[in-house]
Amino acid sequence: MIRFVMIDSKLSPFNFEKYTDELMDNVRESLSSTDLSFYRSEESKRSCYIYIAKKEYFVDFTFIATPGRFQLKVDIREKDKEDIDKDLHDLKIKVKDLMIEDWKQCVWLTDHQSEGFAENLYKNVHSVENGLRRVINTVLFHRLGGDWWSFMPSHLTNKYSTRISGYQDRAPSFKNVHANLLSIDTDDLVSILQLKTYKMKDESIFSEFNPFIFDSFQPKDIKDIDKQKKDLIQFKHIMSDIINNKKSIESHQKALTNLLKEQMETEIDFWEEFFSPWFSCTLREFSGKWDRFSKDRNHVAHNKLIDNRLYQKFKKGMEELLAIITEAEENFEKEVEKEATQFIEYIEEMAIEDSYKRQRDEKQAIAEEAGIEIRDTDQIISLFEEHISGTFEGISDEIYYNRTRDIEVFYDKPLLTEKEKIFEIEHNILKRSIYVKVEPDIDESDGSTSKVHFQVYYNEDFRKSFDISYVNGEAEFNENQGNFMAKKEEKLDVSSLEELESFIYKLVEEGMPEISEDDLASFVCEECRESTVNLSEENDYELGTCINCGHENEVGECLRCGAPLDQQEDDLCESCTEWIEDQK
């Protein structure tokens, strides 16, 4: 039901029937009504129905005449009630706008649609307010603990103390719950996000050391020293005056506040430290949106009329703000879950580590009593690595110091946790390689055998494998003697590392001959098309032989002296060419 009254008509004399007919005809035309009809017509009351967008609405006009004053009461109602009926809104506003010019005043009495807008918006108001309260409570409880309220300024804590007893008396079931924020005004919530706590600066007029003495490591500017002296003198004067005359505190309040403020620095910035990571906007942006929400919320809470445009505006603003708050809450909850998971994993890892350490300590005690060595996985790996590194570092040094730049060696200390390549030799000229892969099998059980399997490859072709092993010690309890005795002695067998080393040297000698790029022809081999044709008469290869594939290539000779040429056709060498030119 929408009801309003038009007071003091400008029309004289007043023709009630004609006026309402013309009025509703204009409404019908303006709102594209499909049907309009008056079904009741009396001297002081007329009623009609009107169809707009296939929906039926009823309009009642009641004419009230008193000596020297005319009033016209208008009632509008819909046949089928909808939560948000834009056509009803357009109808009531159109009737009012068409009538307003003929009357001095319009008094709005009842508007269930505006009330419906407010009721609907109240849900958003509560969601937004409680959402921010929930975020503040959740974050600060998690970061500061249950006494986070003690960080709040006095204007908030005093307001809480004043109100909370009344709230608890009305709802005794909740007397024993933490409900601090429920008693805080909407405007005050954002002040918690903006809160900063302060502490004394390391260097202030109240520092324990004398701030006026020069520090050789941190020399002070003379201007800073002078200011500190003046500030301290001013502080002494103000405090002396206040102590002698308590009433003087009011006159000194501003100066004392500014003086103390200069001696302080931020200790905790609540927004930056606790809230900023979870919000998708800056504090300035959020504060602006919250100020707007607070004004909108007061409009709704104080029963002020709300039209469709304002409803949509309020709704949109509140939903946008709620989305920001909800996202912040979800982001923080994800982080908390992540932290909780990590903490549980840490606790579990520590428990496993503690259990493992206890087992190791027990094994160590048994091993010492039995006079044997029982190693764990890390110790077995370390033992293997020591011998493996010694072997391959030795090979690397041998090749590095005894070969030219035609060959390069790469060695990575093995982790012995998975199969991996640990060693490689590359011939830069012949593009040949030798590399070694290791495959560990570590077992720390008492008396068990651990192995490291080596696989040697030449140009991606598997050539040979080698194994080294370690047998862990094992003890057993002797019932007769009442102590632990050795059942199996530890044993390390790395003898095959010498065989591995010899095999690698053999592959290098056979497949990676020591050559220089100066010994090679500039033309390619006829067979393999590689630039590896020998031109030197001082190495182990025949002239013209391809070091890569063994093919014998033709090499040109000097027609005068017979020296080999860097080409396949016979011709004069450079020296002979110069000699002939000199004879001319």
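Modeller: Two strands count as paired when DSSP finds at least two bridges between them. Keep that in mind for what follows, which concerns a predicted model.

Colleague: What makes strand E11 and strand E12 a pair?

Modeller: The cut-off is at least two bridges, and E11 (residues 433-441) and E12 (residues 449-458) are joined by eight, running antiparallel. The two strands are therefore a pair by that rule. Within this pairing, Pro-440 stands opposite Val-452 in E12.

Colleague: Which strands make up the sheet, and in what order?

Modeller: The order is E9-E10-E11-E12-E13-E16, six strands in an open sheet with antiparallel pairing.

Colleague: What makes strand E9 and strand E16 edge strands?

Modeller: E9 (407-411) and E16 (491-493) each pair on one side only. From one strand to the next, the twist averages 15°.

Colleague: How do you know that helix H11 packs on the sheet?

Modeller: Contact requires heavy atoms within 4.5 Å. H11 (residues 377-402) touches E9, E10, E11, E12, E13 and E16, and its direction makes about 170° with that of E9. Helix H12 (residues 496-511) also packs on the sheet, touching E9, E10, E11, E12 and E13. The direction of H12 makes about 160° with that of E13.

Colleague: Which residues in H3 and H9 meet?

Modeller: On the H3 side, Ala-118, Leu-121, Tyr-122, Val-125, Val-128, Glu-129 and Leu-132 take part. Phe-286, Trp-290, Phe-293, Arg-297, Val-300 and Ala-301 meet them from H9. The residues of this contact divide into eleven nonpolar, no polar and two charged.

Colleague: Why does Cys-561 count as neither buried nor exposed, and what is the class called?

Modeller: Buried is under 20% and exposed is over 50%. Cys-561 has 44% relative accessibility, so this residue counts as partly exposed. Cys-561 is found in the loop between H12 and helix H13 (574-583). Leaving aside residues up to four places away in sequence, Cys-561 touches Cys-573 and Cys-576.

Colleague: What makes strand E2 and strand E3 a pair?

Modeller: Six bridges join E2 (residues 35-41) to E3 (residues 45-52); at least two are required. The two strands run antiparallel, with Ser-41 opposite Arg-46 in E3. A hairpin of three residues links E2 to E3.

Colleague: How many bridges are there between E3 and strand E4?

Modeller: Eight, in the antiparallel sense, with E4 spanning residues 55-66. Tyr-49 stands opposite Phe-58 in E4. The hairpin of E3 and E4 has two residues between the strands, and Ala-53 there takes a positive phi near 55°.

Notes:
Residues numbered from 1 in each chain as written. Predicted model: local features only at pLDDT ≥ 70, side-chain atom pairs only at ≥ 80, totals over all residues. Heavy atoms only, no water. Helix = DSSP H or I, 4+ residues; strand = E, 2+ residues; numbered from the N terminus. Nonpolar A, V, L, I, M, F, W, Y, C, P; charged D, E, K, R; others polar. Axes fitted to C-alpha atoms, helices over the stretch in contact; angles between N-to-C directions. Buried < 20%, exposed > 50% of the residue type's maximum accessible area, 1.4 Å probe, protein only.
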